[in-house]
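Dear colleague,

I am passing on the structure that we spoke about, with my notes on it below. Please have it open beside you as you read.

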Amino acid sequence: MWKYQKIRLKWETYCFKLFGKWRSVPLTCPMDRPHHKHIFWSWLGSFCAIAATSYLSVKTNSPLLMAPFGATSVLIFGVPDSPLAQPRNLIGGNLLSAFISLSILHIFGSAPWTMGMAVATAIGLMQLTGTLHPPSGAVALVIMMTKPDWEFLIVPTFEGSMILLLCAVVFNNLAEDRSYPKHWL
């Protein structure tokens, strides 16, 4: 009986700490709505970047587009000042995640535990190298789920990322109050 009381007390203490932290968290997000000009440029830039990547994909008959690029567009056009949206992070994060995932895929295969290993290892290495880019976690999953060959590192990962980066540089600098990137490396 005493053993179960001790376990119950530990569980209650854990729950109190966990839910106690949540009591101080506000219900609303402190993020301000961006100015309508910023929204317009974000819309136009992401529209042109994804449309251009898709167009080039069709014209060259090569898969330059993948789902994580939608999330990349949110960062490079919606919050271009973010450290996570900078060129080093976009290119480095995507390439690192693709390389790690392709390595794990070709060594261990595609299984639930290798999917977890690919995403976790990609996150850790992006943090170590200063190339953290959240959509790159999705790049790791795309690779583990679709089981591509090593060419995926170049097409769509590198080439698609470069097209998006070029569009971000062009469109974010067309507006007077926007500049991108904040740093290259």
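How far apart are the end C-alpha atoms of helix α2 (residues 36-60), and what span should its 25 residues have at 1.5 Å a residue? The end C-alpha atoms are 36 Å apart, which agrees with the 36 Å that the 25 residues should span, the expected span being 1.5 Å times one less than the number of residues in the helix.

Some notes on how to read these values come before the rest. This is a predicted model, in which local features need pLDDT of at least 70 and side-chain atom pairs count only at pLDDT 80 or more, while totals for chains, interfaces and linings use all residues. Residues are numbered from 1 along each chain as its sequence is written, and side-chain values use heavy atoms, with hydrogens and water left out. Helices are DSSP runs (H or I, at least four residues), as strands are (E, at least two), and they are numbered from the N terminus.

**Helix α2 and what follows it**

The buried residues of α2 are H38, W41, S42, L44, G45, A49, T53 and S57, where buried means under 20% relative accessible area, exposed means over 50% and partly exposed lies in between, with a 1.4 Å probe and protein chains only. These buried residues pack against α3 (68-78) and α7 (154-172). The axes of α2 and α3 come within 9 Å and cross at roughly 145°, the axes being lines fitted to C-alpha atoms, for helices over the stretch in contact, with angles that run from 0 to 180 degrees between N-to-C directions. The crossing of α2 and α3 is right-handed; a crossing has that hand if the near helix is turned clockwise from the far one by less than a right angle, and is left-handed if anticlockwise. On the α2 side H38, S42, G45, S46, A49 and I50 meet F69, S73, F77 and G78 in α3, contact meaning heavy atoms within 4.5 Å.

Just after α2 comes N61, with a positive phi of about 55°, although N61 is not a glycine. N61 is in the loop between α2 and α3 and counts as exposed because its relative accessibility is 71%. K147, in the loop between α6 and α7, also has a positive phi of about 55° without being a glycine, and K147 is exposed, with a relative accessible area of 53%. Most residues other than glycine have a negative phi, and most peptide bonds are trans.

The 19 residues of α7 should span 27 Å at 1.5 Å a residue, and its end C-alpha atoms are 25 Å apart, which agrees. Among the buried residues of α7 are V155, P156, T157, G160 and S161, and the buried residues of this helix pack against α2, α3 and α4. The axes of α3 and α7 come within 10 Å and cross at roughly 25°. That makes α3 roughly parallel to α7, since angles under 35 degrees count as roughly parallel, over 145 as roughly antiparallel, 65 to 115 as roughly perpendicular and the rest as oblique. The crossing of α3 and α7 is right-handed. The contact is made by F69, T72, S73, I76 and F77 of α3 and by residues of α7 including P156, T157, G160 and S161.

A cis peptide bond joins V155 and P156, with omega at about 15°, and P156 lies in α7. Another cis peptide bond joins Y180 and P181, with omega at about 0°; P181 lies in the segment after α7.

**A residue of α4, and the record**

N89 is in helix α4 (residues 87-108) and is buried, with a relative accessible area of 6%. Leaving aside residues up to four places away in sequence, N89 touches P83, L84, N94, G130, T131, L132 and H133.

In the model, residues 33-181 are 72% helix and 0% strand, while residues 40-58 are 100% helix, with end C-alpha atoms 27 Å apart.
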